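Let me put it up on the screen.

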Amino acid sequence: MKLLSVLSIILTVTVLTASMCRKKTVDPIDQLPPETQTGANTFGCLVDGKVFLPKGDPFAGPVKKAQYQIVNGRQGFGVSAKNSTSGLVKGVGIHGDSVSINVGTYNLADYNTMGILSGSYAEFLSGNINEFYTNTINRGQLVIKKFDTVNQIVSGTFWFDAKNSSGQIVQIREGRFDMPYVR
């Protein structure tokens with residue numbers, strides 16, 4: 001009976017020790033910046049389930065930017081970020097020409113169509129570019145949660161599906177940004 005008790009204790013300790021040694025997986029969403037509305041200058045999303053955060057040399061152009069300004073007589077909006085590592089540059093953006101923005105929900109659809117917001121994703125490597133855009137079938141949504149025209153802050157969330165010329169689709173999910181914008 002004593003041997004059975006000792007074996008039971010050893011087995012219990014072994015099982016508990018083995019369960020503690022398991023590698024803890026980190027949820028990709030937990031690696032994104034928090035959703036804020038303070039002008040924290042943050043941007044992040046998941047690209048096909050992988051974390052996308054702005055990264056790179058700001059002297060090679062901004063790694064993230066937001067703008068709401070008149071260009072060529074038309075009101076434009078854009079929020080974008082890029083990640084440059086080891087020669088590979090990835091970019092995520094939401095843009096619109098001839099659009100008016102305020103707090104609210106906007107559909108992302110046809111790329112490069114006046115009056116419509118669209119989403120884009122691109123990868124650049126060694127002079128090759130792979131561009132993905134929203135369209136009438138592969139769509140998404142932008143939610144502007146704060147649009148402060150006095151302090152020039154825009155904050156919100158987004159998601160979209162975008163398609164390249166080869167028919168591949170990229171899924172952008174859990175997007176969030178809280179940035180000062182240029183006007």
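So, start with Glu 35: it forms a salt bridge with Lys 145, and the closest N and O atoms are 2.9 Å apart. By salt bridge I mean a side-chain nitrogen of Lys or Arg within 4 Å of a carboxyl oxygen of Asp or Glu. Before I go on, this is a predicted model, so local features need pLDDT of at least 70 and side-chain atom pairs count only at pLDDT 80 or more, while totals for chains, interfaces and linings use all residues. Residues are numbered from 1 along each chain as its sequence is written, and side-chain values use heavy atoms, with hydrogens and water left out.

Back to that pair. Glu 35 sits in the loop between helix H1 (2–20) and strand S1 (42–47), whereas Lys 145 is in strand S9 (residues 140–148), so the bridge ties together parts that are 110 residues apart in sequence. Helices (H or I, at least four residues) and strands (E, at least two) are DSSP runs here, numbered from the N terminus.

How exposed is Glu 35? Partly, with a relative accessible area of 45%, and Lys 145 is partly exposed too, at 36%. The cut-offs are under 20% relative accessible area for buried, over 50% for exposed, and partly exposed in between, using a 1.4 Å probe and protein chains only.

How many salt bridges does a search of the whole structure find? Four, and I'll show two others.

Arg 74 and Asp 97 meet through their side chains, 2.9 Å from N to O.

Next, Asp 161 bridges to Arg 173, with the closest N and O atoms 2.8 Å apart. Asp 161 belongs to strand S10 (residues 153–163) and Arg 173 to strand S11 (residues 169–180), twelve residues apart. Here Asp 161 is buried at 16%, but Arg 173 is partly exposed at 26%.

Last stop, the serine. Ser 118 lies in strand S7 (residues 117–125), and is buried, with a relative accessible area of 3%. What is Ser 118 in contact with, leaving aside its neighbours within four places in sequence? Gly 93, Ile 94, His 95, Leu 108, Ala 109, Asp 110, Tyr 111, Asn 112 and Thr 134, where contact means heavy atoms within 4.5 Å.

That's me done.
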